[in-house]
Amino acid sequence: MQQDVITYTFDVSNTGNVTLTDVTVSDPLSGLSAIISGPVTLAPGENQVFTATYTITQSDMDAGQVDNTATATGNDPDDVEVSDTDSETITVVKDASIEIVKSATLPPTMQQGM
């Protein structure tokens, strides 16, 4: 199987009116690379892009898709955690196919010219 790789981009925005600290992204997808970037501090209106990669497995191909949910968390000025989740489903193209090649060899006693 060809090693196809998904690149996930997590664009985290502070949509509130207070600064968030220790902003990180977590993702429980088994086999996902380390999430690049963070923790960061985000002022209101700021955003940070995080990335990670995932190599599609044979199980994913058999299922026809990769389902994934990530969570962004940060702390407000009172050290209260805020979070949000988002999901993404990647559909893979299944290509079921089969081939058979049959051949035969006559035994020497059945060959012509003998």
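Figure 1. The model shown here and in the following figures is predicted.

**Figure 2. Surroundings of valine 25.** Apart from neighbours within four places in sequence, valine 25 is in contact with Phe10, Val12, Ile35, Phe50, Ala70, Thr71 and Ala72.

**Figure 3. The largest pocket and its lining.** The space in the largest pocket amounts to about 570 Å³. Its lining is made up of 29 residues, of which Asp11, Val12, Ala72, Asp84 and Asp86 are the closest to the pocket centre. The elements giving two or more residues to this lining are strand E1 (5-13), strand E2 (20-26), strand E5 (65-75) and strand E6 (81-91). By residue class, the lining comprises ten nonpolar, 14 polar and five charged residues.

**Figure 4. Aspartate 22, a residue with positive phi.** Aspartate 22 belongs to strand E2. Its phi is near 55°, a positive value in a residue other than glycine. Aspartate 22 has a relative accessible area of 45% and is therefore classed as partly exposed, given that this class lies between the limits of 20% and 50%.

**Figure 5. Aspartate 79, in the loop between E5 and E6.** The loop between E5 and E6 contains aspartate 79. Although aspartate 79 is not a glycine, its phi is positive, at about 65°. Aspartate 79 counts as exposed because its relative accessibility is 58%, and exposed residues are those over 50%.

**Figure 6. The protein chain as context for the close-up views.** The protein chain has one helix and six strands, arranged along the sequence in the pattern β-β-β-β-α-β-β. Its C-alpha atoms fill a box of roughly 100 × 20 × 20 Å along the principal axes. The radius of gyration of the protein chain is 26 Å, whereas a compact globule of 114 residues would have one near 13 Å. Of the 114 residues, 24% count as buried. Among contacts in the protein chain with a separation of 6 or more, 60% are between residues 24 or more positions apart.

Key: Residues numbered from 1 in each chain as written. Predicted model: local features only at pLDDT ≥ 70, side-chain atom pairs only at ≥ 80, totals over all residues. Heavy atoms only, no water. 1 Å grid on protein atoms, 1.4 Å probe; cavity = no way out; pocket = protein on both sides within 12 Å on 5 of 7 lines; lining within 4 Å. Points joined across faces, edges and corners; volume = space filled by probe spheres on them. Helix = DSSP H or I, 4+ residues; strand = E, 2+ residues; numbered from the N terminus. Nonpolar A, V, L, I, M, F, W, Y, C, P; charged D, E, K, R; others polar. Contact = heavy atoms within 4.5 Å. Rg over C-alpha atoms; globule rule 2.2 N^0.38 Å. Buried < 20%, exposed > 50% of the residue type's maximum accessible area, 1.4 Å probe, protein only.
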